[in-house]
Amino acid sequence: MLVVADADVIRNDVSLTPQGILISPLGLDRFTKQTFGNKELVVNTIQYMTGHEGLINLRSRELTLRLLNKSKFQKAKGKWVLINMLCPH
């Protein structure tokens with residue numbers, strides 16, 4: 001059972017602007033512009049209560065982008081272009 005004292009934990013702020021309706025992300029404090037972990041709390045709670053605890057561990061892993069080394073790429077570019085033109089799949 002989950003007991004929450006204030007339903008604002010799962011409520012997005014909605015504002016009317018000249019461009020249209022603006023829906024703030026869940027957990028955003030419009031005064032300090034700080035985002036709290038409300039979304040993660042709700043998602044983790046639902047997954048825990050439905051018996052999918054393993055998904056909580058998978059989501060917490062951090063994704064790292066590994067970019068190409070530009071100088072190495074420039075040196076090998078001609079070779080790979082030639083290989084792809086001569087030996088297409």
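Modeller: The protein chain holds three helices and four strands, where helices (H or I, at least four residues) and strands (E, at least two) are DSSP runs, numbered from the N terminus. This is a predicted model, in which local features need pLDDT of at least 70, side-chain atom pairs count only at pLDDT 80 or more, and totals for chains, interfaces and linings use all residues. Residues are numbered from 1 along each chain as its sequence is written, and side-chain values use heavy atoms, with hydrogens and water left out.

Colleague: In what order do the elements of the protein chain run from the N terminus on?

Modeller: The order is β-β-β-β-α-α-α.

Colleague: How do you know that E1 and strand E2 pair?

Modeller: Two strands pair if DSSP finds at least two bridges between them. Strand E1 (14–17) and strand E2 (residues 20–23) are joined by four bridges and run antiparallel, so they meet that definition. Thr17 stands opposite Gly20 in E2, and the two strands form a hairpin with two residues between them.

Colleague: What makes a residue count as buried, and what percentage of the protein chain does so?

Modeller: Buried means under 20% relative accessible area, exposed over 50%, and partly exposed in between, with a 1.4 Å probe and protein chains only. Of the 89 residues of the protein chain, 8% count as buried, so that percentage of residues falls under the 20% cut-off.

Colleague: What percentage of contacts join residues at least 24 apart?

Modeller: With contact meaning heavy atoms within 4.5 Å, the value is 16% among contacts in the protein chain between residues at least 6 apart in sequence.
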